[in-house]
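Please open the model in your viewer and keep the selection panel at hand.

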Amino acid sequence: MSRIPLIAGNWKMYKTGPEAVETAMELAGLCSDVRDVEVMIAPTYLSLPLVAASIKDTDVKLGAQNLYFEKQGAFTGEVSADMIKAAGAEYVIIGHSERRQYFGETDSLVFKKIKSAIEAGLKPVLCIGETGKQKDEEKTFTVLDKQVSDGLKGFGLDELDDLVLAYEPVWAIGTGKTADTGQVNEVHQYLRSLLEKLFSKDFSHRTRILYGGSVKPENAKDLMGIEDVDGALVGGASLDANKFINIIKYNK
Ligand code: PEP
């Protein structure tokens with residue numbers, strides 16, 4: 001079964017609206033000859049409508065970096081899935097390690113966020129990954145098992161059609177360290193078998209599993225060449241359209 005790779009850029013808390021529009025337009029121009037790879041960028045909430053307008057007639061997709069699970073109400077500072085959808089986004093990143101680490105997001109909160117994303121018609125990108133300490137203590141698989149099981153527990157298969165999983169070892173995010181290809185291969189194979197155990201073989205074969213953590217033009221080909229890696233979630237290197245395009249075109 002063929003899975004179209006997704007290369008997603010997480011712009012974190014970088015770029016003002018005009019800066020985001022400039023990079024998005026530059027990237028869209030560079031992507032005009034890209035085929036068989038889906039490209040998504042996730043700027044800040046504030047930039048979503050601006051970037052949506054600037055990439056409207058291109059193949060670049062838009063995503064948000066987070067959402068709040070309630071539909072509306074007195075939740076100062078929060079943004080709902082419907083608002084993100086109305087701003088023009090197709091994807092939403094959920095459970096990024098920075099959200100878990102700095103904002104105390106738990107697996108049960110992640111579950112509620114995924115649910116509200118699906119209800120709003122957004123495609124959730126569920127981020128999971130072990131910390132350096134958990135890796136040293138050989139707890140990687142236990143941690144991933146819990147994050148996936150608790151984040152997705154109770155969903156019916158029909159609800160998870162658009163789910164994307166992103167394996168991002170926390171110790172590799174923004175550090176310049178990448179997991180070696182053998183380790184990425186082992187973890188992605190594990191995740192695919194976990195999806196089969198929790199849901200079905202067909203589901204595990206059609207669900208995209210991205211790798212994230214210091215992906216750069218120099219290592220993209222090796223990482224993307226791993227059979228069970230279906231694309232990348234890229235932070236730092238996605239901020240520059242010229243760098244990002246060299247990751248997107250890893251096969252060239
Ligand atoms: C990320 O933020 O999801 C990420 C992988 O960041 P970086 O590529 O900078 O490590």
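The model is a predicted one.

**First stop: two helices.** Select residues 107-120, helix α5, together with residues 140-152, helix α7. Their axes come within 7 Å and cross at roughly 45 degrees. An angle of 65 to 115 degrees would count as roughly perpendicular and one under 35 degrees as roughly parallel; α5 and α7 are therefore oblique to each other. The crossing of α5 past α7 is right-handed. Next, display the side chains at the contact: α5 contributes Asp 107, Phe 111 and Ile 114, while α7 contributes Lys 146, Gln 147, Asp 150, Gly 151 and Leu 152. By class, this contact comprises three nonpolar, two polar and three charged residues.

**Second stop: the largest pocket.** This pocket holds about 420 Å³ of space. Select Lys 12, Met 13, Gln 65, Arg 99 and Phe 103, which are the closest to its centre among the 13 lining residues. The lining as a whole divides into five nonpolar, five polar and three charged residues.

Now highlight α10 (217-224) and β8 (231-234), each of which supplies at least two lining residues. Eight nonpolar, nine polar and six charged residues make up this lining.

Definitions and conventions: Residues numbered from 1 in each chain as written. Predicted model: local features only at pLDDT ≥ 70, side-chain atom pairs only at ≥ 80, totals over all residues. Heavy atoms only, no water. Axes fitted to C-alpha atoms, helices over the stretch in contact; angles between N-to-C directions. Helix = DSSP H or I, 4+ residues; strand = E, 2+ residues; numbered from the N terminus. Parallel < 35°, antiparallel > 145°, perpendicular 65-115°, else oblique. Left-handed = near helix turned anticlockwise from the far one by under 90°. Contact = heavy atoms within 4.5 Å. Nonpolar A, V, L, I, M, F, W, Y, C, P; charged D, E, K, R; others polar. 1 Å grid on protein atoms, 1.4 Å probe; cavity = no way out; pocket = protein on both sides within 12 Å on 5 of 7 lines; lining within 4 Å. Points joined across faces, edges and corners; volume = space filled by probe spheres on them.
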